[in-house]
Amino acid sequence: MSSVKAVSELSGAEDLAQFGYGQELRRELGPFASFASGFSFVSILSTIFELFATGYGFGGPLFFWTWPIVFIGQFSTALCFAELAASYPVAGAVYQWSRRLSNESIGWSAGWFMLLGYIMSVAAIAIAMQSVLPSVWIGFQVLGGDTALGSPTGAANAVILGTVAIVICSVISSLGVRAAATATAIGVYCEIIGLIILLVVLFTHTSRGPSVVLGGGVPSPTFWSFLSSTLMAAYVMYGFDSAAELSEETNDPRRTTPKAIIQCLMVSFFGGALMVMGALMAAPSLTDGNLAKDGVSYVLAAVTGGFAGHVLFAMVAISILSATLAIQNAAARVMFSMARDGALPLSSFLTRVSVRTGTPWVATLVVTVLAIALLWLSYGDPAIFSALCSVTTVTIYFAYLLVTLPMLILRIKGVNPASGGMDYFYLGRSKGLIINFVAVVIGGFLLVNVAWPRLSVFDPGNTHWYLHYFPIIFMVVASVFGFITYKYKNK
């Protein structure tokens with residue numbers, strides 16, 4: 001009997017012990033809960049609602065093609081991650097993978113930037129409540145005034161709604177992983193049902209044919225504008241690795257997690273492509289400026305009315321809440337995993353697990369407080385919201401590269417970087433090398449493209465000079481602060 005096959009006969013706790021960890025979190029999740037975690041994080045229904053206008057504003061109908069371009073790179077990354085999930089079924093996925101493929105300092109950097117990206121993602125997705133709740137009921141516009149996220153009153157109200165959403169998710173998380181998984185599953189069912197209803201509505205109210213994705217008579221964007229339009233897909237299509245963050249709480253994670261990573265990205269890709277195409281086909285006008293201003297919300301309001309429209313917007317709101325919960329849980333697991341290795345300040349405090357629920361309650365609380373603090377930094381200033389989305393993506397894509405690049409180097413040297421999971425998910429030597437190479441090349445391109453200082457993206461109103469270069473400034477500051485923290489913990 002091979003050593004790998006022997007792993008399949010071990011209990012979850014015994015398997016985890018091989019990596020030097022005890023079973024502190026409760027192992028209660030099945031395949032659907034694992035899939036739901038990743039699918040909720042990507043959350044195409046909420047994120048495309050939130051960001052469609054960004055893509056269309058820069059690329060017009062041709063921005064549709066940025067979706068498959070980004071998918072090729074991200075699917076290659078997901079396949080690499082699936083191999084690693086089968087080999088290392090441990091919470092703190094990207095952090096754990098990077099340190100085992102390279103060294104402790106690179107692994108710590110991957111975990112540091114992943115943690116920052118996750119916390120900012122909680123804030124960024126919670127803000128999306130502003131895109132839908134006032135459309136469900138105007139009473140959700142607590143401050144009155146313009147509801148558009150790009151307006152001062154809309155941006156301020158988004159902070160209030162986002163704060164409430166994060167607090168609700170924290171309460172759910174405090175009830176235990178099973179309660180969180182149930183809430184996430186409800187969100188996924190609502191998102192899938194809402195997506196189906198939305199697609200039916202869009203494709204039964206078309207104003208033009210599918211050839212609209214070839215331009216629709218709208219002037220073609222410049223090359224640089226088209227590159228900017230890829231930001232929508234780049235902002236949406238990540239987070240599939242969050243399924244691996246729950247590995248220590250998933251039954252048979254070596255088999256379950258790799259499938260969940262791939263399935264959630266595949267479903268998100270096809271559902272998102274249909275959603276973008278349907279919105280383009282059903283939009284009353286491609287040139288009146290509304291698609292670039294309000295995106296899918298404009299189309300939905302134009303082709304539906306009354307009860308049907310309110311139901312769809314309510315389902316989107318539920319999916320946003322589910323996404324916020326999934327991201328919050330992923331962030332808490334990264335923090336817990338790093339603290340368990342003594343890699344963060346106050347590690348002994350951050351590793352506390354509730355005896356009643358088996359969840360890392362301190363890490364969850366810290367993530368909640370930091371995410372809400374980020375929200376209030378952007379109070380009333382829509383430009384900071386755009387900067388927050390960009391930085392979130394930059395930090396996570398950088399962390400991804402700190403996994404895929406060391407993995408590629410090992411493959412080139414003839415070393416199998418995921419030998420421990422070959423009986424569960426294995427790409428093969430030649431195919432794995434090609435896929436890994438694509439993941440690194442496109443991942444590097446997306447990182448540079450998202451971080452590139454564009455005034456039209458980061459500060460269109462030219463209100464704050466530093467927002468123009470915000471992703472670069474943030475990465476430098478985060479790197480310096482991270483270096484100090486790392487040295488402090490290892491002196």
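A residue counts as exposed when its relative accessible area is over 50% and as buried when that area is under 20%. In this predicted model, phenylalanine 223 has a relative accessibility of 55% and therefore counts as exposed.

- Phenylalanine 223 forms an edge-to-face aromatic pair with tryptophan 224, with the ring centres 5.2 Å apart and 75° between the planes.
- Tryptophan 224, at 62% relative accessibility, counts as exposed because its value is also over the 50% limit.

**Other aromatic residues**

- The structure holds 27 aromatic pairs, and one of them joins tryptophan 112 to phenylalanine 481 in a tilted arrangement, at 5.8 Å centre to centre and 45° between the planes.
- This pair links distant parts of the chain, with tryptophan 112 in helix α7 and phenylalanine 481 in helix α23 (residues 470-489), 369 residues apart.
- Tryptophan 112 counts as buried because its relative accessibility is 9%, whereas phenylalanine 481 counts as exposed because its relative accessibility is 52%.
- One aromatic cluster is formed by Phe41, Phe81, Trp97, Tyr118, Tyr238, Phe240, Tyr397 and Tyr400.

**Nonpolar cores**

- The largest nonpolar core has 157 residues, of which Ile48, Phe49, Phe52, Trp67, Val94, Trp97 and Met275 touch the most other members.
- Helix α7 (residues 104-127) supplies the largest share of this core, with 16 residues.
- When neighbours within four places in sequence are left aside, methionine 275 is in contact with Ile44, Leu45, Ile48, Phe49, Leu195, Leu198, Leu199, Leu202 and Val296.
- A second, separate core of five residues includes Ala33, Val177, Ala181 and Leu246.

**Packing of α4 with α10**

- Helix α4 (residues 44-59) packs against helix α10 (residues 177-203) at an angle of about 55°, and their axes are 9 Å apart.
- Because of this angle, α4 and α10 are oblique to each other.
- On the α4 side the contact is made by Ile44, Leu45, Ser46 and Phe49, and on the α10 side by Glu191, Gly194, Leu195 and Leu198.
- Sorted by class, the residues of this contact between α4 and α10 are five nonpolar, two polar and one charged.

**Packing of α7 with α8**

- Helix α8 (residues 129-136) packs with α7 at an angle of about 25°, with the two axes 6 Å apart.
- Angles under 35 degrees count as roughly parallel, and α7 and α8 are therefore roughly parallel to each other.
- Ile125, Ala126 and Ile127 of α7 meet Met129, Gln130 and Ser131 of α8, and by class this contact has four nonpolar, two polar and no charged residues.

**Serine 319**

- Serine 319 lies in helix α16, which covers residues 306-340, and counts as buried because its relative accessible area is 0%.
- Apart from its neighbours within four places in sequence, serine 319 is in contact with Ser43, Leu45, Ser46, Gly187 and Glu191.
- Among these partners, Leu45 and Ser46 of α4 and Glu191 of α10 also take part in the contact between those two helices.

Conventions. Residues numbered from 1 in each chain as written. Predicted model: local features only at pLDDT ≥ 70, side-chain atom pairs only at ≥ 80, totals over all residues. Heavy atoms only, no water. Axes fitted to C-alpha atoms, helices over the stretch in contact; angles between N-to-C directions. Helix = DSSP H or I, 4+ residues; strand = E, 2+ residues; numbered from the N terminus. Parallel < 35°, antiparallel > 145°, perpendicular 65-115°, else oblique. Contact = heavy atoms within 4.5 Å. Nonpolar A, V, L, I, M, F, W, Y, C, P; charged D, E, K, R; others polar. Core = buried A, V, L, I, M, F, W, Y, C linked by side-chain atoms within 4.5 Å. Buried < 20%, exposed > 50% of the residue type's maximum accessible area, 1.4 Å probe, protein only. Phe/Tyr/Trp six-rings, centres within 6.5 Å; stacked < 30°, edge-to-face > 60°.
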